[in-house]
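Take a look at the chain below.

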Amino acid sequence: MRKAVVLAGACIIALAVPSPASAWGYVAHRLITNRAIDLLPAELKPFFTKYRDEIVARSIDPDLWRMAGWEDNPHHFMNFGVREFGDYPFSELPHEYGAAIEKFGMATLRRNGLLPWREAEEFGNLRRAFEAFKRSPAYGPYDVILFAAAAAHYIQDAHQPLHATTNYDGQLTGNRGIHARFERDLVERFEARLTISPVPPRPIPNARDFAFDALLASYRLVDPILAADTDALAGKDLYDDDYFEKFFAKVRPVLERRLAESITATAGLIMGAWEQAGRVGQAGRGGQGGQVGQVGRGGLVSRGGLVGRGGLNLPDRPDLPDRPDLP
């Protein structure tokens, strides 16, 4: 209990810390999750609309877990481009987790990222949370909120091109700092000018394979982003307003497309888990039978114990190495 209270307190403190150069940035994750709720089917949408604020707020939880001391870093990326995985499309890396461990060992996998398998884990957690509406009305609604937000976060990271490459911060090409400039600064500076048009979602049946596909598509966008950064900085000594205007003009189509695809994917994952759970009726009626109205009052109680405002009480995990660009 003491450990849970400490972690809950750390998550609350983390809320006051400025957004780090990680994931899509807090603004983008919230934007994506908020827009995804609008794409959900009529049977499922009422629950997510009713608890929209909590779900959107918790979509940044996986970043806060890292800031609170949990070693979650490898779950946010995959380093395509490393020698071990071969050339594009990196068929040397098995998609099946056990086969990948057997071939490379856990140390290599942790070093180069675990995102698709983490996404599969959270998708399964979300499916089981939907199923729990039938047998555990007291906790089912809570768990849907928590795991929907977590599953959303990781699939959104897979759509950020710089989460799919060993050159994740431009450190190999003289573009150091590009990670934050692309995913955070552009969104925060130009959100009002973005035109984001997600297509209607389809239920995603296999979260792991979908995450692999999203990462492969992201990898192919890395070089154009780096080239745009180099061109925008030409002749300058600092990243001023003129730089950001030029950079935004060059990468705007990529940024808008990947944000839109993240929105569609987030909705598709939620729909896929819900359908595999048997299209649980309670989810479409605002979680009747569970006391979900308590959500968002500073703390939650779930099966695992005390949950802080910014974090989920997951089981202890083995130590994993930090990633230099994801503090």
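**From one residue to the whole chain**

Find F182 in helix α10. The model you are looking at is predicted. Is F182 buried or exposed? Its relative accessibility is 0%. Buried means under 20%, so F182 counts as buried.

What surrounds F182? Set aside the neighbours within four places in sequence, and F182 is in contact with W24, Q160, P161, L162, I225, F247, V251, V254 and L255. Pick out L162 from that list. F182 and L162 lie 20 residues apart along the chain, and 8.7 Å separates their C-alpha atoms.

Now move to P203. Where is P203 found? Look in the loop between α10 (178–190) and α11 (207–219). P203 has a relative accessibility of 32%. That value falls between the cut-offs of 20% and 50%, so P203 counts as partly exposed.

P203 has contacts too. Not counting residues up to four places away in sequence, P203 touches G268, M271, G272 and E275.

How many helices and strands does the chain have? There are 13 helices and two strands. The chain has 327 residues, and 56% of them count as buried. Take the contacts between residues at least 6 apart in sequence: 78% of these join residues at least 24 apart. The chain exposes about 13,500 Å². Carbon and sulfur atoms supply 53% of that area.

Technical notes
Residues are numbered from 1 along each chain as its sequence is written. This is a predicted model: local features need pLDDT of at least 70, side-chain atom pairs count only at pLDDT 80 or more; totals for chains, interfaces and linings use all residues. Side-chain values use heavy atoms; hydrogens and water are left out. Helices (H or I, at least four residues) and strands (E, at least two) are DSSP runs, numbered from the N terminus. Buried means under 20% relative accessible area, exposed over 50%, partly exposed in between (1.4 Å probe, protein chains only). Contact means heavy atoms within 4.5 Å. Accessible areas come from the Shrake-Rupley method with a 1.4 Å probe; for residues, only the protein chains shown count as cover.
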